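Please examine the sequence and the structure shown here before reading on.

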Amino acid sequence: RGMKSLRDEIRLASEYKDGFNFIQAYGLDFICAADFILAQARISLYNALEVIAMAENKLADLSTDFAVKILKLTDGMKGHYSLVNQLERSATSIGANIREAKYAHSKADFTAKLQIALKECYETEYWLELMQKADLLPEETVKVYLHDCGSIRRMLIASINTTKSNQ
């Protein structure tokens, strides 16, 4: 048949109006139409979990990339050690808390980790704005970093709201 898995066979069968008869014609081991429906439901759940995992991975990747960009930005900064340190700490903490959320013990713990990451986003924005106002960083540079941080912040807010609505 040239198909890779049962999942591929079910997907192919679901493209036909009478998927059950198609499956019978191919001799697959489904006892009744209910087995076919259950298999389709399992695939739908699997696909939904893949989408959620992809969103979480995107958030984790974005936050890691953002932290690296901040570290590179601050690498050459002289003076104002305490401000640079605060910016580095808050920016790197975003990704660390997102990563911790992946291994949360409960939905409440998951939400709490994301909320901490969100607070770190706000703090990072504050330090960037302060450095701009103090003429430690150019306005155009800060705009780029604020945009990146804002993207992560919006994703965190959406994730927190989704998690809270599902509790």
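## Terms and model

A crossing is called left-handed if the near helix is turned anticlockwise from the far one by less than a right angle, and right-handed if the turn is clockwise. The model discussed here is a predicted one.

## Helix 4 and helix 5

Helix 4 crosses helix 5 in the left-handed sense. The axes of the two helices are 8 Å apart, and the packing angle is about 160°. Angles over 145 degrees count as roughly antiparallel, and helix 4 and helix 5 are therefore roughly antiparallel to each other. The contact of helix 4 with helix 5 comprises 16 nonpolar, five polar and four charged residues.

## Helix 5 and helix 6

Helix 5 and helix 6 cross at roughly 160°, and their axes come within 9 Å. That angle makes helix 5 roughly antiparallel to helix 6. The crossing of helix 5 past helix 6 is left-handed. In the contact of helix 5 with helix 6 there are 15 nonpolar, seven polar and six charged residues.

## The largest nonpolar core

The largest nonpolar core contains 27 residues. At least two residues of this core come from each of helix 3 (33-75), helix 4 (81-102), helix 5 (107-133) and helix 6 (139-165). Helix 5 gives the most, with eight residues.

Which residues have the most contacts inside this core? They are F66, I70, I94, I98 and L156. Leaving aside residues up to four places away in sequence, F66 touches A91, I94, T124, Y145, D148, C149 and I152.

Methods:
Residues are numbered from 1 along each chain as its sequence is written. This is a predicted model: local features need pLDDT of at least 70, side-chain atom pairs count only at pLDDT 80 or more; totals for chains, interfaces and linings use all residues. Side-chain values use heavy atoms; hydrogens and water are left out. A nonpolar core is a set of buried Ala, Val, Leu, Ile, Met, Phe, Trp, Tyr and Cys residues joined through side-chain atoms within 4.5 Å. Buried means under 20% relative accessible area, exposed over 50%, partly exposed in between (1.4 Å probe, protein chains only). Helices (H or I, at least four residues) and strands (E, at least two) are DSSP runs, numbered from the N terminus. Contact means heavy atoms within 4.5 Å. Axes are lines fitted to C-alpha atoms, for helices over the stretch in contact, and angles run from 0 to 180 degrees between N-to-C directions. Angles under 35 degrees count as roughly parallel, over 145 as roughly antiparallel, 65 to 115 as roughly perpendicular and the rest as oblique. Ala, Val, Leu, Ile, Met, Phe, Trp, Tyr, Cys and Pro count as nonpolar, Asp, Glu, Lys and Arg as charged, and the others, Gly among them, as polar.
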